[in-house]
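Reader: I have a new structure open and would like to talk it through. Can you take me around?

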Amino acid sequence: MQDAIGPDQFFQRALAEGEILLPKCDDCGAYHFFPRVLCPHCHGSAISWMKARGKGRVHTTTVVRRKPERGGDYNVCVVELDEGVRMMSRVEGIAPGEVAIDMPVTAFVGEAEGAPAVLFKPSER
Amino acid sequence: MTIELRGKSAIVGTGHAGFGEAHGLTAYDVMAQSALAALGDAGLKLSDVDGLFCTMMEDSMPALMAAEYLGIQPRFIDGTMSGGSSFVNYLTSATMALDAGLCDVALIVYGSNQRTASGRLVTASRPPAYEAPYNPRYPISAYAMAAARHMHEYGTTREQLADVAVAARAWAQRNPEAFERGPLTREDVLGARMVGDPLTVRDCCLVTDGGGAIVMVRADRARDFPKAPVYVLGSAAESSHRQISQMKDFTVTAARDSGARAFAAAGVTPADIQAVELYDAFTINTILFLEDLGFCAKGEGGAFVEGGRIAPGGVLPVNTNGGGLSCVHPGMYGIFTVIEAARQIRGDAPGIQLKDVDLALAHGNGGVLSSQVTAILGSQNTL
């Protein structure tokens, strides 16, 4: 089929439309990330797409130090979503050094390297 | 490796070349000089080599490139690329190939000119698609996030991380082959330029040129060479992920598994090991591997390394050549853990020679804490 698309393209196309979808295994019920053609937990191959709830916590974080003239310091972190999957991202809206482990964060679709990307902001209390 | 292979192979030659800056040389030049040095150490010639174990950072068919460059036609090659751990991993495949008669003289070899060529890590590896958009600085950001998590869970401090670098420098200061031999204090490490919180540039390995090589034969002819043989008593690998975001527990590496199986094959315990050579690409590595290999309990690595306890004269000799932090780190450091462990056992270590070493451990790390390979080496007395 000429219009067939794989898991990566499916995820990226949804992201381009502002939607964060997560793959979930029909057999064991576990989520996984990154998208792929099988479940890395039970190795089943029936995968459904679920809209992410968008809530998570910073699992670990670092500040990439960069000279101001090159754009300055920025955050890189790994977020664990409530669905149980982890992804690399960054937290925006606060200084990169203020991002802390276990901080509750909310996902949004922003832009990274000129393409749509999952980013996070600190959750409202 | 299973216990059936314990002591079936031996290292009979080690060599290195281009430590620090190898001006005017390509990575393959440094590789070839290292091969010649190790073969010379073993009293062998390149034409004797019929098993080649090699990977390089530059391209995707490095074992073929190396064989062609060396002018040899090996009947067995292994170019498995698991990052810097590859060269410790080759101890297993070389032992298997030698034992099965697939080759008679195994050459493990590596070379790099990354410092003089570019001044930073050279790699043909592509950034992972789901991480690259966030611009992590590879590989520092990954190790920084592991360190941050270890500090969060166990209260490990930046001072304890710094003490790993200070201990490595103290060993290096006594090693004329080491690249960085100037004084280094805890305050120097803490006050150095921050590159990826919580790691400063002194928490990070060197960027040097350099190559290393190891010659192995079957144990039954290992005593026919000029240098005392160093036997491979156990070696084991475990790989857990490729991308740091996929690491299940940022404070526990697969070294827990590779170490347990290597110790079981060798029939020894951490308490028996007299020299510990760990892949210290970053200061957090040493702490993680001391814990995961069983030299201390999980979470106690920070206290274990504090205040010179792994420095010369401390409780455990760790990275006796100065490690990747102060001796040499040409992109992939793994082969140098094996070379230093072997030289400590042979009694011809270039720096501080420990007394009567019969058992040493070499531990390789690859990727971003992704691939862990542990080897236990022993003298004739341990067979």
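Author: A definition to begin with: domain bounds here come from an automatic or database domain assignment. On that basis, chain A is divided into domain 1 (1-51) and domain 2 (53-125). This is a predicted model, where local features need pLDDT of at least 70, side-chain atom pairs count only at pLDDT 80 or more, and totals for chains, interfaces and linings use all residues. Residues are numbered from 1 along each chain as its sequence is written, and chains are lettered from A and ligands numbered from 1 in the order in which they are written.

Reader: How far apart are the C-alpha centres of domain 1 and domain 2 of chain A?

Author: Those centres lie 22 Å apart. Nine residues of domain 1 of chain A are in contact with 10 residues of domain 2 of chain A; two residues are in contact if their C-beta atoms, placed from the backbone, lie within 7 Å.

Reader: What classes of residue are on the domain 1 side of chain A that touches domain 2?

Author: Seven nonpolar, two polar and no charged residues. Ala, Val, Leu, Ile, Met, Phe, Trp, Tyr, Cys and Pro count as nonpolar, Asp, Glu, Lys and Arg as charged, and the others, Gly among them, as polar.

Reader: How many helices and strands are in chain A?

Author: Chain A has one helix and seven strands, in the order α-β-β-β-β-β-β-β from the N terminus on. Helices (H or I, at least four residues) and strands (E, at least two) are DSSP runs, numbered from the N terminus.

Reader: And how much of chain A is buried?

Author: Buried residues are 30% of its 125 residues. A residue is buried if 20 or more other C-beta atoms lie within 10 Å of its own, exposed if 12 or fewer, and partly exposed in between, with C-beta atoms placed from the backbone. For chain B, the buried part is 61% of 383 residues.

Reader: Where do the chains meet?

Author: The contact takes 20 residues from chain A and 19 residues from chain B. On the chain A side, strand 3 (55-64), strand 4 (74-81), strand 5 (86-89) and strand 7 (115-122) each supply at least two residues. Strand 3 of chain A gives the most, with five residues. By class, that side of chain A has 11 nonpolar, five polar and four charged residues.

Reader: Over to chain B. What does its C-alpha trace span?

Author: About 50 × 40 × 40 Å along its principal axes. Chain B has 12 helices and 11 strands.

Reader: Why does the radius of gyration of chain B agree with a compact globule?

Author: Because a compact globule of 383 residues would have a radius near 21 Å, and chain B has 19 Å. The radius is taken over C-alpha atoms, and the globule rule is 2.2 Å times the number of residues to the power 0.38.

Reader: Is helix 12 of chain B mostly covered or uncovered?

Author: Mostly covered: 12 of the 13 residues of helix 12 of chain B are buried, including B:Phe336, B:Glu340 and B:Arg343. Helix 12 of chain B is followed by B:Gly347, whose phi is positive, near 90°.

Reader: What does UniProt list for chain B?

Author: An unreviewed UniProt entry lists "domain: Thiolase C-terminal" at residues 237-378 of chain B. UniProt positions are given in the numbering used here, feature names are shortened, and annotations may be inferred rather than shown by experiment. The span 237-378 of chain B is 31% helix and 16% strand, with its end C-alpha atoms 19 Å apart.
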